[in-house]
Amino acid sequence: MIEVEGLTKRYGEKVAVNGLTFTVRPGIVTGFLGPNGAGKSTTMRMMLGLDRPTAGDVRIDGRHYARLRDPLKYIGALLDAKAVHGGRTAFNHLLCLAQSNGIPTSRVREVLDTVGLTAVARQKAKGFSLGMGQRLGIAGALLGDPRILMFDEPVNGLDPEGIHWIRTLMKSLAAQGRTVFVSSHLMSEMALTADHLVVIGQGRLLADLSMPDFIARNSRAYIRIRTPQPERLRDVLHGAGVTVVETGDGAFEVEGGKPEPIGELAAEHRIVLHELSPRQASLEEAFMRLTAESVEYHSRSGPPPQQWGDGWRKG
Ligand SMILES: Nc1ncnc2c1ncn2[C@@H]1O[C@H](COP(=O)(O)OP(=O)(O)OP(=O)(O)O)[C@@H](O)[C@H]1O
């Protein structure tokens with residue numbers, strides 16, 4: 001179990017992590033979600049004693065990281081897959097880690113086998129692909145057979161086979177009763193992997209709830225309508241007590257309900273409809289709504305300005 005209480009980290013004026021309190025429980029995969037710059041990596045670094053909190057506390061199975069003897073036996077982490085001495089072979093990299101943590105050499109062979117790197121164990125890590133590097137980092141996390149595992153953005157840059165492999169691995173580690181904590185900025189990925197979600201934005205806790213609860217609260221059902229007579233339709237629906245919301249792309253949305261009565265009302269008033277479709281908001285949309293206020297680096301929505309890309313015509 002990982003217990004986080006009032007965890008805060010300031011870098012000068014910047015508050016990277018702001019009074020976080022939550023618990024990561026064993027037996028399930030807990031997804032740690034937040035937009036870029038939300039404070040996920042900083043939180044994970046403090047959990048591992050790599051950064052000192054400005055305030056607050058983290059306990060690993062009841063103890064501070066610094067108090068753990070042979071910490072790799074309690075908690076294994078993949079923070080940065082590139083943090084490997086490139087001149088070392090995969091085997092030697094793991095052997096160094098094992099020897100400094102009182103772990104037998106036989107375990108090095110076991111974890112190489114688990115992550116599928118046995119055939120390249122004697123190759124230097126600098127020649128590894130991104131996926132192989134990620135597998136080597138995971139082998140390091142598994143080395144001490146720890147009860148707690150932590151992965152920072154483990155699927156970044158991986159191909160579908162690699163993503164599937166990591167997802168299956170995380171679920172099986174949780175099924176063995178281990179605590180699995182995994183960060184991502186992609187809701188779609190977490191929806192397939194996590195049983196529980198901790199969502200942060202600008203260092204603050206935004207949600208701490210089970211995946212089914214997140215889905216129940218956020219997968220909003222609505223009806224999307226497009227018409228060439230928007231004013232008339234708005235008035236008719238308004239008159240019938242239906243609340244419509246304009247989406248900004250010329251369409252309307254009506255929360256909940258069924259499309260049939262709306263189609264019938266439109267027909268009764270001879271209003272042409274170009275679209276009348278029941279929709280379900282995706283979890284990605286729900287996540288973006290939840291974190292919208294706290295996104296640090298907004299991109300423009302919509303198409304780029306007209307003048308972009310016109311330069312080549314004049315040349
Ligand atoms: N050493 C540092 N010095 C100053 N500011 C920092 C430092 N480390 C992180 N920050 C700032 O703290 C905030 C949180 O960063 P962090 O890397 O923890 O976010 P994140 O959620 O992991 O983001 P990402 O998904 O982009 O990796 C960011 O605004 C970042 O610029």
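Reader: How do the residues of the shell around the ligand divide into nonpolar, polar and charged?

Author: This is a predicted model, in which local features need pLDDT of at least 70 and side-chain atom pairs count only at pLDDT 80 or more, while totals for chains, interfaces and linings use all residues. Residues are numbered from 1 along each chain as its sequence is written. A residue is near a molecule if its C-beta atom, placed from the backbone, lies within 6 Å of it. For the classes, Ala, Val, Leu, Ile, Met, Phe, Trp, Tyr, Cys and Pro count as nonpolar, Asp, Glu, Lys and Arg as charged, and the others, Gly among them, as polar. Here the shell holds 3 nonpolar, 7 polar and 2 charged residues, and among its members are Tyr11, Lys14, Lys40, Ser41, Thr42 and His185.

Reader: Which elements give two or more residues to the shell around the ligand?

Author: Elements are DSSP runs numbered from the N terminus, with helices (H or I) of at least four residues and strands (E) of at least two. In this case they are strand E2 (14-24) and helix H1 (40-47), and H1 gives the most, with 3 residues.

Reader: In what order do the strands E2, E1 and E4 form an open sheet?

Author: Two strands pair if DSSP finds at least two bridges between them. The order is E2-E1-E4, with antiparallel pairing, and E2 and strand E4 (55-60) are the edge strands, each pairing on one side only. Strand E1 (residues 2-11) is joined to E4 over 5 bridges, with Val4 having Val58 as its bridge partner in E4.

Reader: Which strands does H1 touch as it packs on the sheet?

Author: Contact requires C-beta atoms, placed from the backbone, within 7 Å, and angles run from 0 to 180 degrees between N-to-C directions of axes, which are lines fitted to C-alpha atoms, for helices over the stretch in contact. H1 touches E1, E2 and E4, and its direction makes about 120 degrees with that of E1.

Reader: What does the domain assignment of the protein chain give?

Author: Such bounds come from an automatic or database domain assignment, which here gives domain 1 (2-217) and domain 2 (221-280). Their centres, taken over C-alpha atoms, are separated by 46 Å.

Conventions
Two residues are in contact if their C-beta atoms, placed from the backbone, lie within 7 Å.
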